[in-house]
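Please walk me through this structure in the viewer. I would like to know what to select at each stop and what is there.

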Amino acid sequence: MILVLKKEITPNQKNVIKNMLSDHGCITREITDAGKNVIGVIGKCGLDMEDCRQLEGVEKVLPISTAHKLVSRELKSEDTIVRVGNVSIGGDKIAVIAGPCAIESREQAMTIAKEVKKYGAVLFRGGAYKPRSSPYSFQGLEEEGLKILAQVREEVGLGVVTEITSPAQADLMMKYVDVVQIGARNMQNFELLKCVGRMGKPVVLKRGLASTIQEWLMSAEYIAAEGNNNVILCERGIRTFEPYTRNTLDLSAIPVLKKLTHLPIVIDPSHATGIREKVSPMARAAVAAGADALMIEVHHNPDEALSDGPQSLYPEQFGELTRDLYVIAPVVGKQLDFDYLRKNGSPSAAPEGSGRNRVAFIGEYGAYSHKASQGYFSDEVEAVPMSTFRAIFKAVEDNRVEYGIVPLENTLSGSIHENYDLLQSHDLHIVGETTLRVKHHLIAHENTDISGIKRILAPPPAFSQCRNYLDQYPDIELVPVQATASAVKQVKESGDREAAAIGSSMAADIFGMMVLEEAIEDNPRNYTRFAIVSKTAAPVEEATKSCLIFSTGNKPGALFEVMKIFNDYQINLVKLESRPIMGKPWEYMFYIELEADIDSSSLSDMKAGIMEKAEIFRILGRY
Ligand code: PEP
Ligand code: MN
């Protein structure tokens with residue numbers, strides 16, 4: 001059962017409750033969930049619900065109806081985020097784990113680790129103890145393999161994941177790796193589950209070859225019951241009658257698990273399909289279905305691989321896949337943790353121990369800009385609200401924050417000109433970009449209904465983006481406010497149960513409000529693109545994108561001449577925006593984004609050509 005504690009409970013009352021429960025042989029776990037302090041009571045317990053309801057400081061007592069308790073959504077409604085160093089698995093980010101099936105040599109591991117990191121992997125996988133179907137197959141390098149994994153972490157800078165096959169390996173695992181994996185064949189090896197539960201390191205728990213979701217969750221419960229909640233469930237295909245693929249990937253497990261448990265889910269399409277060309281389609285589908293992470297086998301020379309070569313992607317194929325995932329993720333409200341290490345390597349990152357890096361965003365906590373900053377940065381970066389765009393630029397310029405995040409354009413309402421002008425007038429660099437799907441919800445107090453709503457608060461653009469929905473309720477008054485998050489805050493603070501706000505689900509969570517209607521925007525293709533600005537340029541060797549500003553003067557054909565140069569070099573331009581130059585009527589500053597590195601040596605003639613034609617020329621960023 002779950003004891004929801006009263007807000008005003010005293011530490012003394014809490015201790016009385018905990019002592020009483022333990023005297024009656026109950027196992028307890030105290031957690032904070034959706035802003036509430038709760039105690040989960042599990043195992044055989046001499047107290048019943050009525051007894052607990054009488055305890056001082058208890059607001060209510062709820063049963064946990066499922067067999068799995070600690071890992072159930074009933075105990076904890078908020079998603080669990082498993083942290084591995086500064087990588088987060090769960091929440092709004094999609095983490096990609098990649099590497100070979102087995103560690104074969106130091107050289108093989110280093111080569112693949114560098115490749116997968118380059119293409120966006122945030123953790124490296126590789127088996128040192130391989131549970132093979134045949135005793136004559138390669139069994140792994142064992143401790144030597146673990147040492148190589150530790151060297152990968154050291155030299156390449158990726159956290160490492162490997163399979164543990166026996167409790168006897170626990171000490172070595174503690175010493176060398178960041179995440180331990182329980183393989184499919186060991187999912188019900190209960191001594192091993194208890195062992196990793198006691199180790200406390202994050203665990204990837206693979207689903208057994210023929211296990212039900214219920215059995216799988218009970219195995220997770222074994223780990224949690226030992227006090228380790230850092231469990232990531234890994235669907236890797238189950239045995240069915242279908243022989244074409246190695247296993248059958250059960251993608252329906254994702255929405256099923258999302259309902260049953262708060263634990264994050266990783267999908268392994270490599271072992272699920274066993275066939276290289278089937279891996280990427282299933283990986284893309286997994287992200288669309290709501291997976292939190294992917295685990296992909298990659299090998300630079302799969303024909304010579306000592307295990308699972310036929311299902312291993314070539315590094316370039318893996319790179320193509322992460323590019324696709326980068327585009328798919330925002331559709332389901334997530335961000336691929338693509339630039340992760342590059343961001344952390346930024347020279348403006350705070351030196352260790354000097355406190356957290358900060359990023360300034362516009363609006364209140366829960367604003368879309370806040371959500372975008374959370375998707376882009378690791379949790380070590382603290383988001384700081386500001387009331388104007390100018391204040392954001394100023395704060396970065398004055399070193400009060402390391403980064404600013406500003407919207408540049410929205411797919412429905414167009415460019416945010418003020419920020420283009422601020423980029424022109426401030427000497428800052430664009431170090432990255434991120435895209436957020438703007439999904440509007442109608443948010444109100446708990447236990448309210450649309451029939452009782454008399455007014456809706458939102459900024460005018462949000463009203464226009466939700467026109468079809470709002471037209472159904474002509475009697476509801478529309479109250480314009482400055483921003484979505486402040487609308488939610490106002491409704492909350494007023495206590496007005498006849499008022500609702502339009503905003504993000506994050507704002508609803510932050511202010512403890514209820515989503516009355518989901519996704520009420522007319523057009524689902526509602527995306528905002530943000531630029532990340534910093535005082536220091538991104539330390540990239542080879543950028544994939546560059547952003548420039550230039551002016552040409554008011555001469556016939558001047559813009560065409562510059563455009564022609566891009567055409568001559570077959571450079572793809574993804575954005576062209578013009579802004580009037582202050583004090584020079586009818587002269588314009590052009591903003592261009594190109595899919596190329598303007599500073600690469602192969603484009604030096606192109607750059608020189610543009611600089612010759614342009615009156616003003618400045619590189620805003622390469623990233
Ligand atoms: C592996 O990840 O290399 C592995 C052996 O996986 P599974 O346990 O899913 O077969
Ligand atoms: Mn494998």
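This is a predicted model: local features need pLDDT of at least 70, side-chain atom pairs count only at pLDDT 80 or more; totals for chains, interfaces and linings use all residues.

**Stop 1: the ligand and its surroundings.** Select ligand 1 and then the residues around it: C101, R125, K130, E163, Q181, G183, A184, R185, K206, R236, H271 and E297. Colour this shell by residue class, and it divides into 2 nonpolar, 3 polar and 7 charged residues.

Stop 2: Keep ligand 1 in view and show the side chain of Q181, where an N or O atom is 2.9 Å from an oxygen atom of the ligand. Next, show R185: an N or O atom of its side chain is 2.9 Å from an oxygen atom of ligand 1.

**Stop 3: D308.** Move to the loop between β14 (293–297) and α11 (315–328), and select D308 there. D308 is not a glycine, yet has a positive phi of about 55 degrees. Is D308 buried or exposed? Its relative accessible area is 17%, under the 20% limit, so D308 counts as buried.

**Stop 4: N447.** Go on to the loop between β21 (441–444) and β22 (455–458), which holds N447. N447 also has a positive phi, of about 60 degrees, although it is not a glycine. With a relative accessible area of 68%, N447 is exposed.

Methods
Residues are numbered from 1 along each chain as its sequence is written. Chains are lettered from A and ligands numbered from 1 in the order in which they are written. Side-chain values use heavy atoms; hydrogens and water are left out. A residue is near a molecule or strand if one of its heavy atoms lies within 4 Å of it. A polar contact is a pair of N or O atoms within 3.5 Å; within protein, one must be able to donate a hydrogen and the other to accept it, and residues adjacent in sequence count only if both atoms are side-chain atoms. Ala, Val, Leu, Ile, Met, Phe, Trp, Tyr, Cys and Pro count as nonpolar, Asp, Glu, Lys and Arg as charged, and the others, Gly among them, as polar. Helices (H or I, at least four residues) and strands (E, at least two) are DSSP runs, numbered from the N terminus. Buried means under 20% relative accessible area, exposed over 50%, partly exposed in between (1.4 Å probe, protein chains only).
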